[in-house]
Amino acid sequence: MAAAPLRIGLDFDNTIVCYDAAIAVLAEELLDLPPELPRTKLGLRDYLRASGREQEWTAFQGALYGPGMAHAQPFEGAIETMQGLVNQGHLLMIVSHRSRRPYAGPRHDLHAAARGWVAEHLQPLGLFAKDEGVQGSSSSAVNFLETRDAKLATIAQLGCQVFVDDLPEVLQASGFPSATAGILFSPTIECSRQGNHRCISAWVQLPELVAKLL
């Protein structure tokens with residue numbers, strides 16, 4: 001008898017979506033920076049904070065997760081891996097938390113920007129329901145929540161048996177469902193397991209872990 005498909009929850013920012021290209025573009029457009037400074041998220045954050053420019057860093061993030069998403073791309077292997085999992089019968093759901101409006105700068109609708117990215121990059125490929133429902137679920141396949149607690153509650157409500165996130169603090173949170181297998185996505189380091197959850201450094205490693213959970 002074939003194993004039953006799994007309900008796999010996926011974080012969005014820095015898990016499905018890679019912002020490296022967007023950060024580089026926006027850094028040149030919006031910030032006055034020394035030419036030798038690395039155009040990376042940590043490089044910009046640390047420099048602006050050390051320079052007393054915290055407000056600029058906050059506004060930059062609002063631009064990044066709003067109109068800057070036009071320059072963001074899926075992580076290498078993410079699309080192909082998600083398509084493979086869907087072809088195997090697994091159910092995929094995005095569950096992410098991001099504020100609806102930036103804390104500084106123009107009042108972009110950050111949820112609308114994220115949904116627009118999904119509509120452009122994922123839904124034309126048949127990934128994630130466009131409107132209501134995930135094969136019998138009353139909840140949408142694409143969920144953006146404003147708080148981490150709401151995100152954790154949604155993971156539980158959707159019955160996710162697996163959840164992939166780039167933040168260890170999400171997987172280790174007291175509200176993370178005990179019945180859900182947490183997988184840390186950490187593309188900057190090689191890893192196999194950290195703490196009570198598994199760890200992958202590339203999307204192509206995910207199907208093997210999923211297979212072990214069947």
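Select E28 and R39 to begin: their side chains form a salt bridge with an N to O distance of 2.7 Å, the term denoting a side-chain nitrogen of Lys or Arg within 4 Å of a carboxyl oxygen of Asp or Glu. The structure is a predicted model, in which local features need pLDDT of at least 70 and side-chain atom pairs count only at pLDDT 80 or more, while totals for chains, interfaces and linings use all residues. Residues are numbered from 1 along each chain as its sequence is written, and side-chain values use heavy atoms, with hydrogens and water left out.

Because E28 lies in helix α1 (residues 20-30) and R39 in the loop between α1 and α2 (41-50), the pair ties together parts that are 11 residues apart in sequence. Helices are DSSP runs of H or I with at least four residues, numbered from the N terminus. E28 is exposed, at a relative accessible area of 51%; exposed means over 50%, buried under 20%, and partly exposed in between, with a 1.4 Å probe and protein chains only.

Next, select E56 and R53, whose side chains also meet in a salt bridge, at 2.7 Å from N to O. Here E56 is partly exposed, at 32% relative accessibility, whereas R53 is buried, at 16%.

Then move to helix α8 (residues 206-213), which holds both E208 and K212, 4 residues apart, or about one turn of the helix. Their side chains form a salt bridge of 3.8 Å, N to O, and both residues are exposed.

Conventions: Helices (H or I, at least four residues) and strands (E, at least two) are DSSP runs, numbered from the N terminus.
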